[in-house]
Structure formats: structure tokens, C-alpha cells
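Student: I would like to learn how to read a protein model, one feature at a time. Can we go through this one together?

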Amino acid sequence: MLYAACVPGFFIVVGMQFAVESPRWLAKVGRLDDARKVVENIWGVAEAEKAMEEMKSVVANDDSQASWSELLA
């Protein structure tokens with residue numbers, strides 16, 4: 001039974017090795033070049049500039065700092 005419960009976790013671990021990082025998170029931490037590369041791979045070069053401008057504006061306007069007490073309320 002323990003092995004049967006470990007099978008889904010194994011597939012998740014293997015699958016995460018092939019998952020791309022979130023372009024919005026990359027932009028938020030200042031890695032804009034990496035974010036642009038991910039966006040170009042996902043949506044193509046034509047949509048990359050529009051998506052990057054949108055991400056920059058969202059990241060610039062995101063001043064929220066959530067706390068655990070707000071989450072639990």
C-alpha cells in the first residue's frame with residue numbers, strides 16, 4: 001500500500017523536472033530576460049512584447065504583502 005501511495009508523487013517529481021518557471025514570478029524577482037525567453041517559448045515572439053509589458057505593469061503595481069494572519073482570517 002505504501003508503494004501505491006508513492007506512485008503519484010514519483011510522477012509529480014519527474015514531471016516537475018520538465019516544467020517551465022512562471023514568467024510572472026521571474027519578472028517579479030527581476031529576471032526579465034528569463035521571463036521573456038519563457039514567454040517566447042510558450043506564446044511565440046509576436047506575443048512576447050505585449051505579454052512582457054503587461055507583466056511589468058502588474059509587477060510594478062503589486063505592493064501587496066500578505067501575512068499568515070490575513071490568510072487564516
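Student: In which helix is phenylalanine 10 found?

Tutor: Helices (H or I, at least four residues) and strands (E, at least two) are DSSP runs, numbered from the N terminus. Phenylalanine 10 is found in helix 1, which covers residues 2–16. Before we go on, note that this is a predicted model: local features need pLDDT of at least 70, side-chain atom pairs count only at pLDDT 80 or more, and totals for chains, interfaces and linings use all residues. Residues are numbered from 1 along each chain as its sequence is written, and side-chain values use heavy atoms, with hydrogens and water left out.

Student: How many helices and strands are there in the protein chain?

Tutor: The protein chain has five helices and zero strands. Read from the N terminus, the order of elements is α-α-α-α-α. The radius of gyration is taken over C-alpha atoms, and the globule rule is 2.2 Å times the number of residues to the power 0.38. For 73 residues the rule gives 11 Å, while the protein chain has a radius of gyration of 17 Å, well over that value, so the chain is more spread out than a compact globule. The C-alpha trace spans about 50 × 40 × 15 Å along its principal axes.

Student: Is phenylalanine 10 buried or exposed?

Tutor: Buried means under 20% relative accessible area, exposed means over 50%, and partly exposed is in between (1.4 Å probe, protein chains only). Phenylalanine 10 counts as exposed because its relative accessibility is 53%. In the protein chain, 14% of the 73 residues count as buried.

Student: Which residues make the nonpolar surface patch?

Tutor: Patches are made of residues with over 30% relative accessible area and no salt bridge; like charges are joined within 9 Å, and nonpolar side chains (Val, Leu, Ile, Met, Phe, Trp, Tyr) within 5 Å. Accessible areas come from the Shrake-Rupley method with a 1.4 Å probe, and for residues only the protein chains shown count as cover. Here Val7, Phe10, Phe11, Val14 and Phe18 make a nonpolar patch of about 560 Å². The accessible surface of the protein chain is about 6,200 Å², with 63% of it belonging to carbon and sulfur atoms.

Student: Which residues are in the largest nonpolar core?

Tutor: In soluble globular proteins, nonpolar side chains tend to be buried together. A nonpolar core is a set of buried Ala, Val, Leu, Ile, Met, Phe, Trp, Tyr and Cys residues joined through side-chain atoms within 4.5 Å. The largest one in this model has nine residues: Leu26, Ala27, Ala35, Val38, Val39, Ala48, Ala51, Met52 and Met55. At least two residues of this core come from each of helix 2 (23–28), helix 3 (32–43) and helix 4 (45–61). Helix 4 gives the largest share, four residues.

Student: What is methionine 52 in contact with, leaving aside its neighbours within four places in sequence?

Tutor: Contact means heavy atoms within 4.5 Å. With those neighbours left aside, methionine 52 is in contact with Leu32, Ala35, Arg36 and Val39.

Student: How many salt bridges does the structure hold?

Tutor: A salt bridge is a side-chain nitrogen of Lys or Arg within 4 Å of a carboxyl oxygen of Asp or Glu. The structure holds three. One joins the side chains of glutamate 21 and arginine 31 (3.5 Å, N to O). This pair links distant parts of the chain, 10 residues apart: glutamate 21 is in the loop between helix 1 and helix 2, and arginine 31 is in the loop between helix 2 and helix 3. Arginine 31 also meets aspartate 34 in a salt bridge (3.0 Å, N to O).

Student: Where are the two residues of the arginine 36 and glutamate 49 pair?

Tutor: Arginine 36 and glutamate 49 form a salt bridge, with their closest N and O atoms 3.1 Å apart. Arginine 36 is in helix 3 and glutamate 49 in helix 4, 13 residues apart, so the pair links distant parts of the chain. Arginine 36 is partly exposed, with a relative accessible area of 24%, and glutamate 49 counts as partly exposed at 40% relative accessibility.

Student: Is glutamate 70 buried or exposed?

Tutor: Glutamate 70 lies in helix 5 (residues 68–72). Glutamate 70 counts as exposed because its relative accessibility is 53%. From C-alpha to C-alpha, glutamate 70 and glutamate 47 are 36 Å apart in space and 23 residues apart in sequence.
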